[in-house]
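Here is a short note to read beside the model.

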Amino acid sequence: MPLNWSVPKKAIMMIQITLLTMFTYMGSSIYTPGQDAIQEEFKIGHVAATLNLSVYVIGYGIGPIFFSPLSEFATLGRQNIYIITLFCFCMLQIGTATVDNLGGMVVIRFLSGIFCSPSLATGGATISDMISVENVSTLLVIWAAGSFASPVLAPLLGAAMLEAKGWRWIFWLLLWMCTAIFILMIFFFPETHHDNILVRRARRLRKETGDNRYYALAEKNESVMDFKSFISYAIKKPFKLIIREPIILAFDIYTALCYGIFYLFFEAFPIVFVGIYNFTPVELGLSFMGFQVGDVLSYAIYLLFEKKYIKPKFKNNTFVPEDLMVLAMFVSWTLPLSMFFFGWTAGIHWILPMVAEILFDINTFNIYQITFSYLALSYPRHVASVFAGNGLFRALFAAGFPLFGQTMYNNLGSEKYPIGWGSSILGFLSIGVSLIPFLIYKYGAHLRGKSNFSN
């Protein structure tokens with residue numbers, strides 16, 4: 001029973017799932033420093049080159065729709081899906097590093113996104129398998145912190161490899177990192193899905209005793225489902241949850257906008273830090289470190305909130321999931337502020353756009369933690385599917401924003417304020433979604449009470 005595992009064993013599992021998420025997540029933005037070199041070698045334009053970022057993001061949005069619900073079936077579990085998809089991901093990096101045309105790279109990048117996806121959605125479910133309810137939100141923060149840190153570390157690593165060896169070595173580096181975690185997980189990553197553990201136990205007893213009467217209840221229930229129904233149920237489930245649950249839809253929209261804006265920074269940063277401040281590729285990679293400072297501050301804010309507000313409510317048995325909205329409401333104003341600040345201070349001093357990164361991260365980091373924790377607590381039997389649907393929403397926004405980003409900034413910008421009005425449009429949209437935590441705080445319990453999926 002994973003809930004009964006020792007603390008060291010749980011810590012080893014946490015390290016593995018966090019590293020897996022970080023390394024595969026890096027695959028999206030680690031490409032960006034080499035984009036100009038790829039454009040030059042393949043003789044393509046900016047939008048065509050940006051497709052390699054967008055299709056990867058679309059891939060890891062689509063992947064969980066298939067893999068995450070499948071991981072909830074007792075006969076499959078989570079371990080097998082992690083190992084098989086990670087092996088495929090590693091092999092695809094060889095193809096990316098050696099491809100010699102745009103079409104091949106786009107296809108490989110899309111497939112890479114699909115096969116990197118299970119950890120991005122199912123990682124939260126794996127943690128929920130091991131951690132008690134009162135501690136799950138705290139541990140989800142550690143996992144999510146890794147997923148936040150990796151896309152902003154990746155451009156720096158990619159720029160270093162570009163400067164040292166060329167753009168192809170960006171993908172060799174990604175291959176080495178993912179191969180290391182693949183080998184580690186083969187030996188030290190047991191199954192965590194409770195029903196799958198019982199299925200394996202039943203199989204072992206049948207083999208040892210020769211008595212076919214041993215079975216797990218979930219295994220028996222799934223045995224009557226044909227393959228077509230099995231796949232249909234797995235794919236439809238995330239969409240069914242989004243359509244029927246307004247809470248899930250609201251959080252999906254909020255986090256998707258944040259995610260889209262985040263990936264739009266990969267278009268805006270070259271305009272600001274290269275176009276205005278003449279940064280080198282490595283310096284451009286370092287410009288993303290404002291997000292890392294924001295991660296540290298955001299993590300501290302969340303832990304303080306957990307200690308001072310959430311833990312006491314658990315102790316006196318008054319906690320409800322809507323209590324998490326208190327922090328979401330507190331930080332909601334920093335998202336629109338970051339967009340206005342980023343847009344209208346670019347050109348004054350390079351440190352000011354980095355301050356905007358910190359403000360952005362204070363909101364987005366904590367909103368993500370609140371979203372993951374709230375949805376995990378409200379829909380515990382459907383965590384992987386809920387996260388899969390959320391991942392698809394986020395991926396669609398993240399894939400689309402970079403494709404129109406440069407055109408938007410060029411058409412709306414001026415010589416003095418190249419990203420001012422483009423960022424302001426996003427700021428106004430951010431004001432609208434910032435109302436969602438206030439609505440959930442007031443009506444969330446009522447909506448959960450009417451749900452067929454909650455608890």
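How do the residues of the lining of the largest cavity divide into nonpolar, polar and charged?

1. The model is a predicted one. In the largest cavity, the lining divides into 15 nonpolar residues, 4 polar and 1 charged. The space in this cavity is about 220 Å³. Of its 20 lining residues, Y25, S147, Y259, Y368 and R394 are the closest to the centre.

2. At least two lining residues come from each of α1 (7-29), α3, α6 (118-130), α7, α12, α17 and α18 (383-412).

3. The count of cavities of 30 Å³ or more is 2. The second largest cavity holds about 40 Å³ of space. Its lining consists of L20, T24, Y82, T85, L86, F115, C116, P118 and S119. Two or more of these residues come from each of α1, α4 (79-98), α5 (102-116) and α6, and α4 has the largest share, with 3 residues. By type, the lining has 6 nonpolar residues, 3 polar and no charged.

4. Now the open spaces. The second largest pocket has a volume of about 440 Å³. Its lining has 21 residues, and the closest to its centre are T32, P33, D36, P270 and L284. This lining divides into 13 nonpolar, 6 polar and 2 charged residues.

5. Which helix supplies the largest share of the lining of the second largest pocket? That helix is α12, with 6 residues. The elements that each supply at least two residues are α2 (35-42), α3 (46-71), α7 (133-164), α12 and α13 (281-286). Domain 1 (1-192) and domain 2 (234-446) each provide at least three residues of this lining.

6. Which residues of α16 are buried? They are T334, L335, P336, S338, M339, F342, G343 and T345. The cover over these buried residues includes α12 (246-274), α15 (325-331), α17 (351-378) and α19 (420-433). After α16 comes G347, with a positive phi near 115 degrees.

Notes. Residues are numbered from 1 along each chain as its sequence is written. This is a predicted model: local features need pLDDT of at least 70, side-chain atom pairs count only at pLDDT 80 or more; totals for chains, interfaces and linings use all residues. Side-chain values use heavy atoms; hydrogens and water are left out. Buried means under 20% relative accessible area, exposed over 50%, partly exposed in between (1.4 Å probe, protein chains only). Helices (H or I, at least four residues) and strands (E, at least two) are DSSP runs, numbered from the N terminus. Contact means heavy atoms within 4.5 Å. On a 1 Å grid over the protein atoms alone, a cavity is a set of points where a 1.4 Å probe fits but cannot get out, and a pocket is an open set with protein on both sides within 12 Å along at least five of seven lines; lining residues have an atom within 4 Å of a point. Grid points are joined across faces, edges and corners, and a volume is the space filled by probe spheres set on the points. Ala, Val, Leu, Ile, Met, Phe, Trp, Tyr, Cys and Pro count as nonpolar, Asp, Glu, Lys and Arg as charged, and the others, Gly among them, as polar. Domain bounds come from an automatic or database domain assignment.
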